[in-house]
Amino acid sequence: MLEIIEEHLKAISLVKIKTKEESESFRISYLGKKGILQALFSEFKTVKPEDKKATGAALNTLKKAAENALLIDISDTKINKNHNQEDYTRPGYSNLPGAQHPISLVRNEIVKIFERMGFVTTEGPEIEDDWHNFSALNFPLEHPARDMQDTFFLSKDPDWALRTHTSSVQVRTMEEQTPPIRIIAPGRVFRNEAISSRSHCVFHQVEGLYIDKGVSFADLKQTLLAFSKSFFGEKTEIRLRPSYFPFTEPSAEMDIWWGLENEVDHRMTKGTGWLEIMGCGMVDPAVLESCGIDSKEFTGFAFGMGIERIAMQRFQIPDIRAFYENDLRFLANFKGA
Ligand code: PHE
C-alpha cells in the first residue's frame, strides 16, 4: 500500500491545475466521497499492525498534498472578505441621529419666548420643605387647600416632600432677590394622582413671576396673550376663568381653544373644546410679606403652566403616558423638530 501512496504523491507533484474545472475534477477524484483517498483509508483497515504507523503517516501526507494542489479561489476565502471590509472606498456608515424629547422641545420654546420678554430662567430643588411648597404660599396648616395637590411626603421632621408645583421657586426667588423680579422657572413636579390619559404623577411645569411697582392684572393678561400668540400662532384665542389658588388673589385659569370635532377632542377638553393650559393670578399680599417683600410698595403676577398639556396640543398627542414610555417609535417622530 505504501508504494501506491508513493506513486500518487509523485503524480500529484506533477499535476498543474490551472482552471476551476480542473481543480474541481481533481478534488472529486482524490478527495471526493468515492475518491482515491477514501478508498485508501478503507483499505488501511487491512494493513498489518506493524505497518500501520508508517502507512497512516503516508496517507495523511497524501491527503495534505491533494488539498494543497487544489486551486484556491481567493474570491471567497476569509482573508478576502476581511480585506473587503477594509476597502476605504466603500461608503461609510452614517450615525443614527437622535431626537429631542417633545417635553424638552416645548419647554425650550416656552422659555425662549419669555426670555425675549425679559424673564430670567431660574431653577429650584425637586425635594422641598413644607415652607417653600405650602406655608409661604399661604396654604394654612390643616387647610383643605393642601388637598388640591396630593403630595408625595418624604419625611415628617424635617418636613420634606416632592414639590407639587414650581411655585416653590417663586418663594425661593422672592426670599433671595429684591424687586423688580422677572423670572421663569421650568421644572419637574410630582403629585400622588391616578395615572390616566390626561394626568400623570410626574409632570412638568413652567412657573412665571413678575414683581415690580404698579404691576396689574392687565399686565398679566397681556403677557399671557402675547405668549399664547407667539407660541400657538397669531389667531390663538385664550380665555381667563375665575379660579382659586391660596397664593394668588384674584386667581384665574387660562384656557386656549383646542377644538371639538372628534372623540379625542371631547376627551382632551372634557367636552368643552377649551384646553386648560395654566393657572395664574396676582401674587397674594400675604405671600409677598412671607417672603420679605413690602406689599404696599410692590405688586406682582404669577402663572404656572403644564408642559405636557401644551406638548399634547402642539403635537396632537392624545395620551399623556406616551411621554414617559420611552418608546422609540414615538420618540423618533421628533427628529429634526
Ligand atoms: N401652582 C399652580 C398649580 O400647580 C399654578 C399656579 C402658578 C397658579 C402660579 C397661580 C400662579 O396648579
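Student: Which residue of β9 is the bridge partner of M282?

Tutor: In this predicted model, the bridge partner of M282 in β9 is F301.

Student: What makes β8 and β9 a pair of strands, and in which sense do they run, parallel or antiparallel?

Tutor: Two strands pair if there are at least two bridges between them, and β8 and β9 are joined over five bridges in the antiparallel sense, so by that cut-off they count as paired. The strands β7 and β8 also run antiparallel, with eight bridges joining them, and there I256 stands opposite L275 in β8.

Student: How do you know whether β8 is mostly covered or mostly exposed?

Tutor: Buried means under 20% relative accessible area, and nine of the 10 residues of β8 are buried, so the strand is described as mostly covered.

Student: Why is the pair of W257 and W274 called edge-to-face?

Tutor: Rings pair if their centres lie within 6.5 Å, and planes over 60 degrees apart count as edge-to-face. The ring centres of W257 and W274 are 5.3 Å apart and the planes stand at 75°, so the pair is edge-to-face. Because W257 lies in strand β7 and W274 in strand β8, the pair ties together parts that are 17 residues apart in sequence.

Student: Why is W274 called buried, and what is W257 called?

Tutor: With the cut-off for buried at under 20%, W274 counts as buried at 18% relative accessibility, whereas W257, with a relative accessible area of 39%, is partly exposed.

Student: What makes F119 and F303 an aromatic pair, and of which kind?

Tutor: The ring centres of F119 and F303 are 6.4 Å apart and their planes are at 65°, so this pair is edge-to-face. F119 lies in the loop between α6 and β1 and F303 in strand β9, so the pair ties together parts that are 184 residues apart in sequence. F119 counts as buried at 5% relative accessibility, and F303 counts as buried at 1%. Both belong to one aromatic cluster, which includes F114, Y210 and F227.

Student: Why are the buried residues of α3 said to line one face of the helix?

Tutor: In α3, which spans residues 36–44, the residues L37, L40 and F44 are buried. Seen down the axis of α3, these buried residues fall within an arc of 60°, so they line one face. An α-helix has 3.6 residues a turn, so residues three or four places apart point the same way. What covers the buried residues of α3 includes α1, α2 and α4.

Conventions: Residues are numbered from 1 along each chain as its sequence is written. This is a predicted model: local features need pLDDT of at least 70, side-chain atom pairs count only at pLDDT 80 or more; totals for chains, interfaces and linings use all residues. Side-chain values use heavy atoms; hydrogens and water are left out. Buried means under 20% relative accessible area, exposed over 50%, partly exposed in between (1.4 Å probe, protein chains only). Helices (H or I, at least four residues) and strands (E, at least two) are DSSP runs, numbered from the N terminus. The arc is that of the directions from the helix axis to the C-beta atoms. Contact means heavy atoms within 4.5 Å. Rings of Phe, Tyr and Trp (its six-membered ring) pair if their centres lie within 6.5 Å; planes under 30 degrees apart count as stacked, over 60 as edge-to-face and the rest as tilted.
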